[in-house]
Amino acid sequence: GLSTQPIWRKLWDDVMKTRPPNSESITCWRKKFLETFFSNVLHGVLDVSSDWRLNDRHFSPLLHSSPHVSQLTLCNMLQGAVELTAEHNHKVLENLAGSLRILKFQHLLSCDQSIRRSLVLLLHRLIHHGSVSQVSMYSWPVPDTVLLVLILTMSAGFWRSGNALTYHSSPCGLCREEGKAQSQESVQEGAERGCNAEQEGSSGENQKRSPKEADAHMNSVLSGPSSPPLRNPACEETSSEVPCGHTSFQGSSSLHSSSEQLSCHPIPRKTRRRLKPAVGRKRRCLRRSRGHYADPEDLYDFVFTVAREDNSGLLDKTRTTEGENTENWTSSSPGSPCTGHAGCKKRGGPAGILSLKSAHRFRSVSTLELFSIPLTGDTCRTLSNLLSSWVSLENLVLSYNGLNANISCILSGLRALSRHPECRFRVLRVSDMFSHMPCMELVRCILSALPQLHTLSVSFDLKNQLEGSRPEANPSCSEAEIPESCLEVLEIRFPREPLHTAFLLPVLKASKSLQQLSLDSATLPCPQELGLLLEVLKECTPNLKKLSFHDVNLAEHQKEVLLLLQDPGLQEITFSFCRLFESSTAEFLSEIINTVKRNSSLKSLKVPGNRLGNHRLIALADIFSEDSSSTLCQLDVSSNCIKPDGLLEFTKKLEGHFQQRGGQLPFTHLCLFQNWLDQDAETAQEALRRLRAVCSVVNDAWDSSQAFADYISVM
């Protein structure tokens, strides 16, 4: 029954010899130590020979700690992937396949072919045959397109079947076992069908077949789905036009050119010719394809064929000019991913045209996150096509990817995914530096395409660099009726755009299940706008529990602020950096306190960055007086110019109310980040010590003098 947390904390100090980041939020030091220990040993940061307890030839640091690793980060040249796929770390990789849930890539660099092979093996084991459910990529200013698309493709569960598994001397053992099991089942099913067919005698469909056709049918049944022929539809359907040489890989020099020509335009299926010469050419293509798959470089060929697959399962490549990179996604046919451009040509790409049906579909991840990774038009189309059938995907985060108009292509793939009966997609978060279209228009487009979303977050820092380059409002988005959605959380960060309630109204009407709304950096075009918004919220969102305003000037909207604070349906209200007390009087503060005292449903009040100061903080303690019916549990007064003496007075007043109420207060959590508590350390420590006897306190060691100097320097 004794906790070992202090022991693991001391081990951290002895072995790591560094201060852990965010140590206040660490709940399990054992897990934190073992995960960091594994990562540091893997990347050569920690030398085990330097510690006498670890310097033992019978002790394997990676093997010992691997069962406790739930998230792992691979950096730079992917040295960690090479180490983990080495033969002597086979057991380590097996442990990770069972324990690892989150795989992160950070600051990646271009790497050679042998490292990519190691990465392929690692992803195949940890995702396709493992437990990894989230793949995140961070900070890749100039991404290697081959490597990026490889990670995306394998995260989506795609990989070639058959000989494509032989990147090393032998195929994947787990795949081989699954293949044997499937073959046995197929043989049994074929034998049963054969017996049934014989018992039926001359009655049935077999009676209509010629002897040769019957034999061919029985052979196909007995062979089953195992080891399907690796077909090239381009050779199969255009054998009279395109020589089979087009299916061979032309070397690494053509990789980047083919990536620039990647497209998702469907190929119209031609009527298959049954002439013998065509069949002969088709067979030659198959033989060449089989020989080609054994080439290790077929990996790259596959990466750049993950493009558009229509109902017939065909892919295509195209030559696209810089001006043709995007199109209006609303013009796509319903349920189809990005359709490319009118300039797509059937034989545009130098590499072979392959079907996704020739790729084995394995287990895929449920969360994909891309942070600060520029995505080109070709990469967006590839991602769009992967998304269109990524049925296991539940969460997608696209942050600072420079999407601009390419967001339409991504939405096209997600719309196709939403029409899939097994779709589980629920969370979409999009943030970027510049907005391609007005925020509310984008929100309406997304909800029209994805009514099953539960969480939607749209965030932009600035309007487009060239105001004239912003497209005009899209009538198909702005006028289309939004279907009833399942939306529960909506977060919008406006690039200093005016908040027009009329544009938000259709979204709120369609979101009857909305429980949380966050509006950030919006401007109010007129004094009546906030009042209109409150009326709409009351009418359209009966289930709203959390409402947040950040960086919205509410200095002249005191009446609306009081109306929100007395709303019986809201449980959490946030006014963050909203300049609440910029032009207020003492009466306004008293009205806030009295309103909160009468509200028994409000559980959390967050007012960071509103210049409370000492005197207003002391007054807020009256919320918990003896005559109060408030059940407020959490109070956030971060960044409010609070000094140690003011905090001490607040503490004394709170202690008095605590005693008056018989030692029972609903108040449990106080947040004090970034206040001026360093100006008198002794007084601050006394105040914090006494506060912690009443509630839980969260604060930080913030240097107010340095922060003030930084503020002055940028004025």
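The points below begin with the confidence of the model and then turn to its elements and residues.

1. The model is predicted, and its confidence should be read first. The protein chain has an average pLDDT of 77, and 71% of the residues reach at least 70. Residues 161–170 have a pLDDT below 50, although this stretch makes 24 contacts in the model beyond near neighbours in sequence. Residues 466–473 also stay under 50 in pLDDT; for them the model has 10 contacts beyond four places in sequence.

2. Strands S7 (residues 395–399) and S8 (residues 427–434) run parallel and are joined by 5 bridges. Ser 399 has Ser 431 of S8 as its bridge partner. Between S7 and S8 the chain passes through helix H15 (residues 407–418), in a β-α-β crossover that is right-handed.

3. S8 also pairs with strand S9 (residues 455–462), in the parallel sense and over 7 bridges. With helix H16 (residues 439–449), S8 and S9 form a β-α-β unit that is right-handed.

4. The largest nonpolar core comprises 161 residues. Phe 105, Leu 428, Phe 549 and Phe 575 are those with the most contacts inside this core. Neighbours within four places in sequence aside, Leu 428 is in contact with residues including Leu 396, Leu 411, Leu 414, Ile 446 and Leu 456.

5. Is Ser 511 buried or exposed? Ser 511 has a relative accessibility of 1% and therefore counts as buried, the cut-off being under 20%. Ser 511 sits in the loop between helix H18 (501–509) and strand S11 (516–520). A polar atom of the Ser 511 side chain lies 2.7 Å from the backbone oxygen of Val 507. Beyond four places in sequence, the contacts of Ser 511 are Leu 447, Ser 485, Leu 487, Cys 540 and Thr 541. Pro 451 is 60 residues away from Ser 511 along the chain, and their C-alpha atoms are 9.3 Å apart.

6. Where is Ser 628 found? Ser 628 belongs to the loop between helix H22 (613–620) and strand S15 (634–636). Its relative accessible area is 9%, so Ser 628 is buried by the under 20% criterion. The side chain of Ser 628 reaches the backbone oxygen of Ile 623 at 2.7 Å. Setting aside neighbours within four places in sequence, Ser 628 contacts Lys 597, Ile 623 and Arg 661.

Terms used: Residues numbered from 1 in each chain as written. Predicted model: local features only at pLDDT ≥ 70, side-chain atom pairs only at ≥ 80, totals over all residues. Heavy atoms only, no water. Pairing = 2+ DSSP bridges. Helix = DSSP H or I, 4+ residues; strand = E, 2+ residues; numbered from the N terminus. Right-handed = clockwise from strand over helix to strand, strands pointing away. Buried < 20%, exposed > 50% of the residue type's maximum accessible area, 1.4 Å probe, protein only. Polar contact = N/O pair within 3.5 Å; in protein donor to acceptor, adjacent residues only side chain to side chain. Contact = heavy atoms within 4.5 Å. Core = buried A, V, L, I, M, F, W, Y, C linked by side-chain atoms within 4.5 Å. pLDDT = per-residue confidence, 0-100.
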